[in-house]
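User: I would like to go through the strand pairing in this model. Could you begin with the terms?
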Amino acid sequence: MKRAMYLSLAVLWVATLATLAACGSRTLGGGNTNTNNNTNLNPSGECQTGEDCRVARKWDVCCSCSEAVSAADLAADPCLIPLEQSSVPDGCFIACPAMECPLCPEVGRTVDCLSGECAWKEGHCTEDVECVAAIRVDNCCQQAFSATHDDIAADPCLVHWPHYWEEVPAQCLDAWPAWCDDVDCTDAPPPSGAMYCASDGCAYGTECDTPNDCTLMTNHRSCCSCPEVHPASMVGHDPCVLPVGETPPPSCYPEACLGVMCEQCPASPQLDCLPDGVCVGLWTDAPAR
């Protein structure tokens, strides 16, 4: 059954995305800056529909990220390769120094033709609080990515992460390709829980530098929700994911949760910040670092 077939392949899928998108390792160490030297010289009027656009990355640039490109872009640059293409010209490989690359903000976004130019459909923002985690449900083996509330409202097959399959519209499940029946995979979380509005749209940031950058919040879109560890920078981004004790709008509660008997939440964890900038909760008597 499609809902059940959503487990191990996501790990392979995310690993494939990382391989395609990175030169050297890509970690959270880059913080809120992106120094990628991507080149997309799209002229006006390069496309008519989203089918005229592709997702590609430059293989002759270190720390490059995926780009929304046109056929003219691909023809002009032999090292700008569509992600679905398995071969890369030998002359496009370069020796990259050992370095921490910033997280690419566009993993998971949909390419589209906007005002005659190839661009990312989701993630256009003006304020940090517009950016939240979302995931597509019209395909299997997807990864959550940063998008805006407006993106989610405009697309029935783009939903907040995490989500309930019971509330996914039938039209989205019907859109799954046939090969989804032959795999066992699950959806995957975004690479970072911290999101902000960068110059090119919603992007990922480092979750924390110290434990004070972390906080407990409750996701009221989940049945039997309990406080969980979140980056404090995400307070105010989502009216349904709130600091402990705050009351959400009634619309946050899923219909699938009606009548569910919930157990008492466990004791709240102690907040800590790992060396790689990730917020965690510790259920231990040991003091935080």
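Analyst: Two strands pair if DSSP finds at least two bridges between them. Helices (H or I, at least four residues) and strands (E, at least two) are DSSP runs, numbered from the N terminus. The model is predicted: local features need pLDDT of at least 70, side-chain atom pairs count only at pLDDT 80 or more, and totals for chains, interfaces and linings use all residues. Residues are numbered from 1 along each chain as its sequence is written, and side-chain values use heavy atoms, without hydrogens and water.

User: What do E9 and E10 form?
Analyst: E9 and E10 form a hairpin, with two residues between them. Strand E9 (residues 194-198) runs antiparallel to E10, and five bridges join them.

User: Which residue is the bridge partner of Cys197 in E10?
Analyst: The partner is Cys202.

User: Why is E10 largely enclosed by the rest of the structure?
Analyst: Five of the five residues of strand E10 (residues 201-205) are buried, so the strand is largely enclosed. Buried means under 20% relative accessible area, exposed over 50%, and partly exposed in between (1.4 Å probe, protein chains only).

User: Turning to E11, what is the order of strands in its sheet?
Analyst: The order is E12-E11-E13, in an open sheet of three strands with antiparallel pairing. Strand E12 (228-231) and strand E13 (241-243) are the edge strands, each pairing on one side only.

User: How many bridges join E11 to E13?
Analyst: Three bridges join strand E11 (residues 214-219) to E13. Met217 stands opposite Pro243 in E13.

User: And which residue stands opposite Arg57 in E3?
Analyst: That residue is Ile81. Strand E1 (residues 53-58) and E3 run antiparallel, joined by three bridges.
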